Amino acid sequence: MGIVVAIDGPSGSGKSTVSRRVAAGLGLAYLDTGAMYRAAAWWCERRGADLGDAAAVAGAVRAMPLDMGLDPRSPGVVCDGVDIAAAIREPHIAAVVSTVATNLEVRAELARLQREIIRAEADGGAGIVAEGRDITTVIAPDADVRCC
């Protein structure tokens, strides 16, 4: 069974940098949960979902074909076969992601996916470092190591 490290903190606090370095140094997978929310915003816009329609956004996210790269040295994000790692860092996505991230159904779906990824790496790999808001309290409260 692999180790689970959860690192929480506000935006801009350095949690991504620290998490990637810890994961790389320990030979663990790395999960950027914030990138999942940005990917969801990108996907909703690609699908033409009205971001003001909570049900449409939640439905789009449930159908989102997301592949989170877990390599801490090169954590990619692929959605529907498209590499969107750079696209989700664009200012436009940063401006609209909060609309998607505050949708309770989206939060539940992404939390489910995050737990699934963490569980798979803990059960079938060396482990994982997962970082993001509420990761230590909501997503992985039983992590072997919790940091905030």
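Visitor: How far apart are the end C-alpha atoms of helix 5, and what should its 21 residues span?
Guide: The end C-alpha atoms of helix 5 (residues 104-124) are 30 Å apart, which agrees with the 30 Å that 21 residues should span at 1.5 Å a residue. The expected span is 1.5 Å times one less than the number of residues. Helices (H or I, at least four residues) and strands (E, at least two) are DSSP runs, numbered from the N terminus. This is a predicted model, in which local features need pLDDT of at least 70, side-chain atom pairs count only at pLDDT 80 or more, and totals for chains, interfaces and linings use all residues. Residues are numbered from 1 along each chain as its sequence is written, and side-chain values use heavy atoms, with hydrogens and water left out.

Visitor: Which residues of helix 5 are buried?
Guide: Val-106, Glu-109, Leu-110, Ala-111, Leu-113, Gln-114, Ile-117, Ile-118 and Ala-122 are buried. Buried means under 20% relative accessible area, exposed over 50%, and partly exposed in between (1.4 Å probe, protein chains only).

Visitor: And what does Asn-103 do at the start of helix 5?
Guide: A side-chain oxygen of Asn-103 comes within 2.9 Å of the backbone nitrogen of Glu-105.

Visitor: Which members of the largest nonpolar core touch the most other members?
Guide: They are Leu-31, Val-61, Val-106, Leu-110 and Ile-118, in a core of 43 residues. Helix 2 (residues 33-47) gives the most to this core, with nine residues. A nonpolar core here is a set of buried Ala, Val, Leu, Ile, Met, Phe, Trp, Tyr and Cys residues joined through side-chain atoms within 4.5 Å.

Visitor: What does Val-106 touch?
Guide: Leaving aside residues up to four places away in sequence, Val-106 touches Tyr-37, Val-57, Ala-58, Val-61 and Val-100; contact means heavy atoms within 4.5 Å. There is also a second, separate core of six residues, including Val-5, Ile-7, Tyr-30 and Val-129.

Visitor: Changing topic: how many disulfides does a search of the whole structure find?
Guide: The search finds zero disulfides, a disulfide being a pair of cysteine sulfur atoms within 2.5 Å.

Visitor: Is Asp-32 buried or exposed?
Guide: Asp-32 is buried, with a relative accessible area of 9%, whereas Arg-89 is partly exposed at 48%.

Visitor: What is the partner of Arg-46?
Guide: Arg-46 forms a salt bridge with Asp-80, the closest N and O atoms being 3.8 Å apart. Arg-46 is in helix 2, and Asp-80 is in the loop between strand 4 and strand 5, 34 residues apart.

Visitor: What is the phi of Asp-80?
Guide: Asp-80 has a positive phi of about 55°, although it is not a glycine. Asp-80 is partly exposed, with a relative accessible area of 41%.

Note on methods:
A polar contact is a pair of N or O atoms within 3.5 Å; within protein, one must be able to donate a hydrogen and the other to accept it, and residues adjacent in sequence count only if both atoms are side-chain atoms. A salt bridge is a side-chain nitrogen of Lys or Arg within 4 Å of a carboxyl oxygen of Asp or Glu.
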